[in-house]
Each structure stands twice: as structure tokens, then as C-alpha cells.
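Subject: Structure handover

Hello,

Here is the structure I promised you. Please open it and keep it beside this email while you read.

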Amino acid sequence: MLIGILLLLSTTNTLDVGTLWRYVPSLFVLLGVWALIRSGFRNVTGPVILIIIAGTIQLLALDLITGETIASWWPVLVILFGLSLMTGRWRQRRRVSTNSADDFDLIGIFGGTERRVDSRSFTGGTATAIFGGVEVDLRDAEVTDPPAVVTATALFGGVELTVPEDWSVSIDALPIFGGVEDERSRRPDVERSAEPDLVLNGFVAFGGISIGD
């Protein structure tokens, strides 16, 4: 809405908004912070990466740093990216079962990862796709203590979850220039419970997360 207002003021020559355009990256910084808070800090990787990228662009726009500074210190961004991945995975490992058969922790960076889960007491997991893809097949899994919680992050990539037809799925995801879609068919002979069997926490930027059966 704010960006649209700025565009309208500019195209109608109502106000010179040239200076205000310099602060547009701050909107994405705030959006990343809001995504962290909204997810209860369960989804760390995606929002932190958004904050890092938008924050760097904002500093450049305000001439607080230069291209030469980035050329010298850009490895710090890689370090922060790695720390965000480690933090997100550590928080998820604290929540889920210590039995690796009952959860998953998958990363697809510049490549693809696939996993078939057949646990009788599935608890959840994490899927991170960055310039790559992650596919998880849960059709043979069962949830004995619902809901199972899956945290998915897709940055310039995609995460695909295949779930049983009768599972009820609750989606709590924030897409930015991307999409989250439940592509399962609605069959009248399949009853789904009112309470979710699976909760999907997601963050998407220039990518997608899909749920299929």
C-alpha cells in the first residue's frame, strides 16, 4: 500500500517523492522483522536473509556504505546467512523428536533434495530451498500427537510437500513475490478433521511452497 501511494503521488505530480524512494528498502526490513515475530521466531532463515539483503540496499541508498565496502565485507553476509541457517535448524531440533525417523531436516541450495517419510509418529521438520528445491513425501507417515509442524523456507526456490488425502493442513506462511498453495483435490468421499494434522509455517521470497496429495 505504501509503495502504491508513493507511485500515485509521483505519477500524478502531486508530490516530489524522490527522497522517500530511498527508504523503500526499510519497508522490507520491517517486513522481515514482522515475519520473525509472527512466526514466534520458528522461521528464522528466510526473514533474516530478507533483513540482511534489504538492510544492505538501504545502507547503500543512504550512502552510509559504498560499493567498495560491500566488495571488502560481503563475506560477512555469507557468515550471517550461515548463522541464520544454524539458528533455525537448532531451534527446530529442540522442538522435534530426537528420533530422525520421526522428523526431517532438509536443505536444497543450488540443487534438489528428496525425502520419503514413513514414520508412525511423525512430529514435523524443516525444509529450506535456496536457488534449489526440496520435495518431501509424507503419504506413508502418521501423526499420533497432532499437529505435526513443518517449517519451510523458499528463496528463489521451491518446497513441495505431498501429504495423505485425509490430512487437515493449516497454513501460516508469508509470501513475498512468491506463492503458497494447497493444490490437493477436494474429494467428497474424503473426510478431514477440524483440527489440523499438519501446521505449515512458511516464508517465501521469489519462490513457492506447494502442498499436494
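Which residue is the bridge partner of T113 in β4? It is V134. Keep in mind that this is a predicted model.

**The open sheet**

Strand β2 (residues 112-116) and strand β4 (residues 133-137) pair in the parallel sense, over five bridges. They belong to an open sheet of five strands. Its order is β2-β4-β6-β10-β8, and the pairing is parallel. β2 and β8 (179-182) stand at the edges. Each has a single partner strand, so one side of each is left without a neighbour in the sheet. From one strand to the next, the twist averages 5 degrees.

β8 pairs with strand β10 (residues 208-212) in the parallel sense, over four bridges. There, D182 stands opposite I211 in β10.

Is β2 largely in the open or covered? None of its five residues is buried, so β2 lies largely in the open.

β3 (124-130) is mostly covered, with seven of its seven residues buried. G124, T126, T128 and I130 point one way from β3. G125, A127 and A129 point the other way. Residues on both sides are buried.

β3 has parallel partners. β1 and β3 pair over seven bridges, and G108 stands opposite A129 in β3. Seven bridges also join β3 to β5. In that pair, T128 stands opposite T153 in β5.

**The core**

In soluble globular proteins, nonpolar side chains tend to be buried together. In this model, the largest nonpolar core has 25 residues. Those with the most contacts inside it are F104, F122, V136, L138, V159, W167 and L198. Several strands each supply at least two residues of this core, among them β1 (103-109), β3, β4 and β6 (158-162). Which strand gives the most to this core? It is β5, with four residues.

**A nonpolar patch on the surface**

Nonpolar residues also lie on the surface. W73, W74, V76, L77, V78, I79, L80, L83 and M86 make a nonpolar surface patch of about 900 Å². Find M86 in helix α5 (residues 67-95). Is M86 buried or exposed? M86 has a relative accessible area of 57%. Exposed means over 50%, so M86 is exposed.

Best wishes

Terms used: Residues numbered from 1 in each chain as written. Predicted model: local features only at pLDDT ≥ 70, side-chain atom pairs only at ≥ 80, totals over all residues. Heavy atoms only, no water. Buried < 20%, exposed > 50% of the residue type's maximum accessible area, 1.4 Å probe, protein only. Pairing = 2+ DSSP bridges. Patch = residues over 30% accessible without salt bridge, like charges linked within 9 Å, V, L, I, M, F, W, Y side chains within 5 Å. Areas by Shrake-Rupley, 256 points an atom, 1.4 Å probe, with all protein chains shown as cover. Salt bridge = Lys/Arg side-chain N within 4 Å of Asp/Glu carboxyl O. Axes fitted to C-alpha atoms, helices over the stretch in contact; angles between N-to-C directions. Core = buried A, V, L, I, M, F, W, Y, C linked by side-chain atoms within 4.5 Å.
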